[in-house]
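Please read the following note alongside the sequence and the coordinates.

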Amino acid sequence: MFEGIFWDNDGVLMETEHLYYRANAEALARVGVELSLDDFCRISLRRGESVLDLAAGPGRDDRAADDLRLVRDEIYFRLLGEEARVMPGVLDTLERLHGRLPMAIVTSCRRVNFLQMHRGSGLLHYFDFILTREDYGASKPDPEPYLAACARAGLDPGRCLAIEDSERGVTSAARAGLAVAAIPGTMNQGGDFGAARWLLDGIHQLPPLLNLDEE
């Protein structure tokens, strides 16, 4: 049915989005800004923008913004090392798909954070390659990440499937011409997933979708 599968990372393979929320919330709290979960989901997960911009205002310059970002990044890196977990059902699904067709990870995550969360995940050998934020110019919801992945794999986007959990990820893959299976977790509820071909309740529904249960 498909010639390749491209996977988002955070919220699909790894349970990390709540950690990113905590890191941003703690950093903003240090400068007197309260970050609600609703604002984080709307600004960061759906739109792909930085919630640290909520701290912008009179008297705050570029250096202050850079310092705040550094604080956030340090907190997030620590949390990833301590609490990042593989999403339920991922290992079994990847094992069933491995070797059947090319697979890669297409993530907006920075490489240093990606490697930190995957130190003990046991997932990376299932994939042919990985694209992190440093490997392309425009991030999701721009189609560039998925176009870059298809070009590297030598595959027609129209023959590939993307697995995403966020509105901006679905938009990115759909704009690139891929079919999309969306698996929105709790933090992505309320997003617009109209561009997805399938809306799944969990990763356990993916093998039947690919007819693996009939083989």
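How many salt bridges does the structure hold?

1. The structure holds eleven salt bridges, a salt bridge being a side-chain nitrogen of Lys or Arg within 4 Å of a carboxyl oxygen of Asp or Glu. This is a predicted model, in which local features need pLDDT of at least 70 and side-chain atom pairs count only at pLDDT 80 or more, while totals for chains, interfaces and linings use all residues. Residues are numbered from 1 along each chain as its sequence is written, and side-chain values use heavy atoms, with hydrogens and water left out.

2. One of the salt bridges joins the side chains of R22 and E83, at 2.8 Å from N to O. R22 belongs to helix α1 (residues 17-29) and E83 to helix α3 (residues 62-83), so this pair ties together parts that are 61 residues apart in sequence. Helices (H or I, at least four residues) and strands (E, at least two) are DSSP runs, numbered from the N terminus. Both partners are partly exposed: R22 has 35% relative accessibility and E83 has 26%. Here buried means under 20% relative accessible area, exposed over 50%, and partly exposed in between (1.4 Å probe, protein chains only).

3. A second pair lies within a helix. D39 forms a salt bridge with R42, with the closest N and O atoms 2.8 Å apart. The two residues are three places apart in helix α2 (residues 37-46), and are therefore separated by about one helical turn. D39 is partly exposed at a relative accessible area of 25%, as is R42 at 34%.

4. The side chains of D73 and R72 also meet in a salt bridge, at 2.7 Å from N to O. In this pair D73 is partly exposed, at 31% relative accessibility, whereas R72 is buried, at 7%. Elsewhere, D8, K140 and E164 are linked in a network of salt bridges.

5. Side chains of opposite charge can pair when their charged atoms come close. E17 is located in helix α1. Leaving aside neighbours within four places in sequence, E17 is in contact (heavy atoms within 4.5 Å) with D10, G11, F40, L45, D165, M187 and N188.

6. The buried residues of α1 are E17, L19, Y21, A23, N24, A25, A27 and L28. These buried residues pack against β2 (14-15), α2 and α3.

7. The cysteines form zero disulfides, a disulfide being a pair of cysteine sulfur atoms within 2.5 Å. For C41, the nearest cysteine sulfur is that of C109, 17 Å away. For C160, the nearest is that of C150, at 4.2 Å, and C160 is likewise in no disulfide. C41 is buried at 6% relative accessibility, and C160 is buried at 0%.

8. Which residues touch the most other members of the largest nonpolar core? They are W7, L13 and L161, in a core of 37 residues. A nonpolar core is a set of buried Ala, Val, Leu, Ile, Met, Phe, Trp, Tyr and Cys residues joined through side-chain atoms within 4.5 Å. The largest share of this core, four residues, comes from α3. Apart from it lies another core, of 19 residues, among them L155, A182, F193 and A196.

9. Two loop residues may be set side by side. T107, in the loop between β4 (103-106) and α5 (111-117), is buried, with a relative accessible area of 0%. Beyond neighbours within four places in sequence, the contacts of T107 include D8, N9, F114, R133 and K140. G177, in the loop between α7 (167-176) and β7 (179-182), is partly exposed at 37% relative accessibility. Not counting residues up to four places away in sequence, G177 touches P157 and G158.
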